[in-house]
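The following paragraphs lead the reader through the structure shown below.

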Amino acid sequence: MKNPEEKRIEHIIQRMLADRSIDAPADAIKYARDIYRTRAVEPKASLVKRVLAVMQVDLAPNRAAFGERSASGSQARQMLFDSGENAFDLRITVVEGKFGIRGQILGNGFANGEIEIANDKTSIKATIDEMSGFKVSGLAAGEYSLTIKGNANEIVIEQLDLK
């Protein structure tokens, strides 16, 4: 005599042998699998908002400015710009006749972006770090345009005079 476990297994085997069903169509199986598949979200196309920066303050070295402590002690020219939701600070220094620019963007959307400083003769690109800072050096005297590119915005200074 068979124990209950053996009877159950034999019953399952008999059902499997008697099964006359057919497989689902391949396209139905694919559809069912795709329901649960993770899909990468495609980025939506967007327009880049371009904003013209307006200079608020220009502090030159060795020139006193009322209410600013850094104007007389620094050898860097400090320029503060406003561009709507963002502002940024530029510090321009001269080393052996070449200009260097350090800057930081205040506000969101520019970390890991890019800047480009260009004129008729040269174009230099630099990456904006995670703290929204950037640095460019070795620029000759002249008039440049500076473009700061973020996630969805660009800030532009059309006439940055290095002299």
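**Confidence and overall architecture**

Confidence in the protein is lowest in helix H3 (residues 70-73), where the mean is 47, and highest in strand S6 (residues 114-118), where it is 95. These values are pLDDT scores, since the model is a predicted one. Over the protein, the mean pLDDT is 85, and 86% of the residues reach 70 or more.

The secondary structure comprises three helices and ten strands. Along the sequence, these elements follow the pattern α-α-β-β-α-β-β-β-β-β-β-β-β. Of the 163 residues in the protein, 28% are buried.

**The five-stranded sheet**

Which strands make up the open sheet, and in what order? Five strands take part, in the order S1-S10-S9-S6-S7, and their pairing is mixed. Strand S1 (49-52) and strand S7 (123-127) stand at the edges; each has a single partner strand, and therefore one side of each is left without a neighbour in the sheet. From one strand to the next, the twist averages 20 degrees.

Within this order, strand S9 (residues 142-149) and strand S10 (residues 153-162) run antiparallel and are joined by seven bridges. Threonine 147 stands opposite valine 156 of S10.

**Charged pairs**

Side chains of opposite charge can pair when their charged atoms come close. A search of the whole structure finds eight salt bridges, and several of them are described here.

Because arginine 50 lies in strand S1 and glutamate 154 in strand S10, the pair ties together parts that are 104 residues apart in sequence. Are the two partners buried or exposed? Arginine 50 counts as exposed, at 55% relative accessibility, whereas glutamate 154 counts as buried, at 17%. The cut-off for the buried class is under 20% relative accessible area, and the value of 17% places glutamate 154 within that class.

Glutamate 5 is partly exposed, with a relative accessible area of 44%.

Aspartate 161 also forms a salt bridge, in this case with lysine 163, and the closest N and O atoms of the pair are 3.7 Å apart. Here aspartate 161 is partly exposed, with a relative accessible area of 29%, while lysine 163 counts as exposed at 73% relative accessibility.

**A nonpolar patch on the surface**

Where do nonpolar side chains form a patch? Ile9, Ile13 and Leu17 form such a patch on the surface, and together they have about 280 Å² of accessible area. Leucine 17 is found in helix H1 (residues 4-18). With a relative accessible area of 55%, leucine 17 is exposed.

Valine 136 lies in strand S8 (residues 133-139). At 5% relative accessibility, valine 136 counts as buried. Along the chain, valine 136 and isoleucine 101 are 35 residues apart, yet their C-alpha atoms are separated by 5.2 Å.

Glutamate 96 lies in the loop between strand S4 (86-95) and strand S5 (98-106), and at 79% relative accessibility it counts as exposed.

Is asparagine 112 buried or exposed? With a relative accessible area of 55%, asparagine 112 is exposed.

Key. Residues are numbered from 1 along each chain as its sequence is written. This is a predicted model: local features need pLDDT of at least 70, side-chain atom pairs count only at pLDDT 80 or more; totals for chains, interfaces and linings use all residues. Side-chain values use heavy atoms; hydrogens and water are left out. Two strands pair if DSSP finds at least two bridges between them. Helices (H or I, at least four residues) and strands (E, at least two) are DSSP runs, numbered from the N terminus. Axes are lines fitted to C-alpha atoms, for helices over the stretch in contact, and angles run from 0 to 180 degrees between N-to-C directions. Patches are made of residues with over 30% relative accessible area and no salt bridge: like charges are joined within 9 Å, nonpolar side chains (Val, Leu, Ile, Met, Phe, Trp, Tyr) within 5 Å. Accessible areas come from the Shrake-Rupley method with a 1.4 Å probe; for residues, only the protein chains shown count as cover. A salt bridge is a side-chain nitrogen of Lys or Arg within 4 Å of a carboxyl oxygen of Asp or Glu. Buried means under 20% relative accessible area, exposed over 50%, partly exposed in between (1.4 Å probe, protein chains only). pLDDT is the predictor's confidence in each residue, from 0 to 100.
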